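Colleague: Could you give me a close look at a single part of this structure? Where does UniProt place the feature "active site", and what lies around that spot?

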Amino acid sequence: MLSYQHAYHAGNLADLQKHALLAWMLDYLTLKPKPLSYLETHAGRGLYDLSGPESEKTGEARAGITRALAEDWLPADHPLRGALDQVRDLHGPDAYPGSPLIARYFLRPEDEAHLAELHPTEHEALSRIGGFAHLHRQDGFAMAKAICPPTPRRGLLLIDPSYEVKADYDAVPRHIAQIARKWNVGVIALWYPILTDDRQKPMVDALRRDHPQALLSEVRFPPARPGHGMVGSGMFVINPPFGLEDEARRIERLYARL
Ligand SMILES: C[S@@+](CC[C@H](N)C(=O)[O-])C[C@H]1O[C@@H](n2cnc3c(N)ncnc32)[C@H](O)[C@@H]1O
């Protein structure tokens with residue numbers, strides 16, 4: 001039973017960290033005139049309306065992307081600005097791109113994209129904007145294991161689970177170890193929440209043990225509501241592109257001011 005809906009959280013401070021680093025990596029990887037594969041295990045619907053009832057209800061986007069733009073967190077030439085501006089030109093000033101639309105902005109005709117989304121409503125919404133990609137209505141980890149190593153062989157996999165049950169944290173290191181074994185040149189990026197009860201910690205410890213060369217970047221922020229369990233977020237990137245570490249540290253410094 002899937003109950004998580006990203007529309008309540010799109011554009012929040014956690015999304016901003018993930019999407020800024022994702023856009024940076026895709027920008028970097030598409031500089032080379034060589035085709036690549038882009039894979040996502042948990043794609044979501046791809047396009048969000050920050051004036052919609054879900055976003056209004058939580059106010060998370062106001063504390064996230066809206067504030068970040070007002071305070072110039074993203075320089076005018078930041079790759080995420082390009083994707084955001086294009087989506088707002090096409091869909092209106094309150095539109096916000098999920099990871100699939102960020103990818104669509106950077107991918108070229110010679111690139112291959114595979115997006116998995118299991119929730120029927122989210123998948124149906126994704127199919128309206130996902131014409132650039134192969135869409136899979138199946139478990140994202142199963143899709144990644146079936147496709148990896150992908151063709152073309154260079155590329156990026158984003159893993160962005162909704163962590164609806166505690167078992168998700170236990171399963172992630174195992175899935176990632178299997179995928180990384182099959183695709184040892186792929187950039188594999190995992191997003192995770194930082195929770196007040198540190199539920200993510202054993203998962204992060206296991207990942208660090210298994211992939212000591214990976215890049216780890218964590219940011220902290222105030223909870224969306226008093227008592228809300230998420231107080232930060234992290235990105236764990238295996239085979240990080242050159243220069244990603246500088247961008248990750250720049251973002252960490254911005255969050256440290258909150
Ligand atoms: C955090 S949201 C994705 C947000 C998106 N990656 C973005 O940044 O815009 C997680 C999504 O995963 C979907 N989902 C949950 N379990 C899944 C599974 N086993 N396989 C594929 N998708 C799943 C949920 O329906 C939800 O839309």
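Modeller: Strands are DSSP runs of E with at least two residues, helices are runs of H or I with at least four, and both are numbered from the N terminus; two strands pair if DSSP finds at least two bridges between them. This is a predicted model, where local features need pLDDT of at least 70 and side-chain atom pairs 80 or more, while totals for chains, interfaces and linings use all residues. Residues count from 1 along each chain as its sequence is written.

Let's begin beside your site. Strand β6 runs parallel to β7 (residues 187-195), joined by 4 bridges, with Leu157 opposite Ile188 of β7. Both strands belong to an open, mixed sheet of 7, ordered β5-β4-β1-β6-β7-β9-β8. At its edges, β5 (134-136) and β8 (215-220) each have a single partner, so one side of each lacks a neighbour in the sheet.

The loop between β6 (155-159) and α8 (167-182) holds Asp160, and there UniProt's unreviewed entry places the "active site"; such annotations may be inferred rather than shown by experiment. Asp160 is buried, with 22 other C-beta atoms within 10 Å (20 or more count as buried, 12 or fewer as exposed, in between as partly exposed, with C-beta atoms placed from the backbone). Beyond four places in sequence, Asp160 is in contact (C-beta atoms within 7 Å) with Lys18, His42, Ser99 and Trp191.

Ser99 leads us to helix α5 (residues 99-106), largely enclosed by the rest of the structure because 7 of its 8 residues are buried. Among them are Ser99, Pro100 and Phe106.

Definitions and conventions:
Contact = placed C-beta atoms within 7 Å.
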